[in-house]
Amino acid sequence: MTPGRRRTGLLLAALLAGCATLPPPTPQAVARARAAQSYSGRVRVSLRARDFRARTPVLIALARPDMLRVEVPGPAGARLVTVAGGGQLVAVFPAERAVFRGAASALDLEALLGVALTPAEVLDLLLGQPPPRLARYEARWKDGLPIRVEATLPDGARLTATVEEAELDPVLPEGVFAEPMHQGYRSVDAEEARSLWR
């Protein structure tokens, strides 16, 4: 074998090793993740639906049974702060001084964020426990947590969540799931609300 071919072979082997899949999680890691009562993290989300596409980082906090907080950061502060729990959903757009109210349902989360899942299903998805309504689910794990999730949602949308940092059962700040301040903000419908953060 010539030196050029040897270098090419070594380079190819190194590239293939870099593409190797991560080992599957241990049963203990899966059990620990699925038993978690809360979660917080920074996640880069890519969503492709029939009439909607988005790529954005989000800050997320979730707690059982149905609490959710999602922030979409912007250059001058949060572009969107959404909280859900107790059957209610409130989304605030600080720069636009706008607020959307709905139910903490898969239908209203899909209308607002493009993700047709309930808060509890979002938590399960990030903890490696695919909700039964998903058409497809795949998770890659590292250090006891899913670090990349690819899923086909019930409405056919394709979601990829790349976890940049996350913590199971964190000590969440008091009021993290409280309704964001929006006194004097104008009310918007789901269609306008979705357009404000995309």
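Helices (H or I, at least four residues) and strands (E, at least two) are taken here as DSSP runs, numbered from the N terminus. The model is a predicted one, so local features need pLDDT of at least 70 and side-chain atom pairs count only at pLDDT 80 or more, while totals for chains, interfaces and linings use all residues. Residues are numbered from 1 along each chain as its sequence is written, and side-chain values use heavy atoms, with hydrogens and water left out.

Start with the sheet. It is an open one of 10 strands with mixed pairing, running E7-E8-E9-E1-E2-E3-E4-E5-E6-E10; two strands are said to pair if DSSP finds at least two bridges between them. At the edges sit strand E7 (136–142) and strand E10 (186–187), each of which pairs on one side only.

Pro 65 is found in the loop between E2 and E3, and the peptide bond joining Arg 64 to Pro 65 is cis, with omega at about 5 degrees. As for burial (buried means under 20% relative accessible area, exposed over 50%, partly exposed in between, with a 1.4 Å probe and protein chains only), E2 is mostly covered, with 9 of its 12 residues buried.

Helix H4 (residues 119–126) packs on this sheet and touches strand E1 (38–49), strand E2 (52–63), strand E3 (67–74), strand E4 (77–85), E7, E8 and strand E9 (158–168). Contact means heavy atoms within 4.5 Å. The direction of H4 makes about 95 degrees with that of E2; axes are lines fitted to C-alpha atoms, for helices over the stretch in contact, and angles run from 0 to 180 degrees between N-to-C directions. The helix is largely enclosed by the rest of the structure, because 7 of its 8 residues are buried. Those buried residues are Pro 119, Glu 121, Val 122, Leu 123, Asp 124, Leu 125 and Leu 126. After H4 comes Gly 128, with a positive phi near 85 degrees.

On a 1 Å grid over the protein atoms alone, a cavity is a set of points where a 1.4 Å probe fits but cannot get out, whereas a pocket is an open set with protein on both sides within 12 Å along at least five of seven lines; lining residues have an atom within 4 Å of a point. Grid points are joined across faces, edges and corners, and a volume is the space filled by probe spheres set on the points. This rule gives 1 cavity of 30 Å³ or more. The largest cavity has a volume of about 320 Å³ and 20 lining residues, with Val 45, Val 58, Ile 60, Val 115 and Leu 159 nearest its centre. Two or more lining residues come from each of E1, E2, E3, helix H3 (106–113), H4 and E9, and E2 gives the most, with 4. By class, that lining is made up of 19 nonpolar residues, 1 polar and no charged. In this scheme Ala, Val, Leu, Ile, Met, Phe, Trp, Tyr, Cys and Pro count as nonpolar, Asp, Glu, Lys and Arg as charged, and the others, Gly among them, as polar.

The largest pocket holds about 160 Å³ of space. Its lining has 5 nonpolar, 2 polar and 5 charged residues, including Arg 42, Leu 59, Arg 69, Glu 71 and Glu 165. E1, E2, E3 and E9 each supply at least two of the pocket's lining residues.

Thr 160, in strand E9, is buried at 18% relative accessible area. Beyond its neighbours within four places in sequence, Thr 160 is in contact with Arg 44, Val 45, Ser 46, Arg 148, Val 149 and Glu 150.

Most residues other than glycine have a negative phi, and most peptide bonds are trans. Arg 97, not a glycine, has a positive phi of about 50 degrees. Arg 97 lies in the loop between strand E5 (88–93) and strand E6 (98–103) and is partly exposed, at 45% relative accessibility. Asp 169 likewise has a positive phi, near 45 degrees; this residue is in the loop between E9 and E10 and is partly exposed, at 43%.
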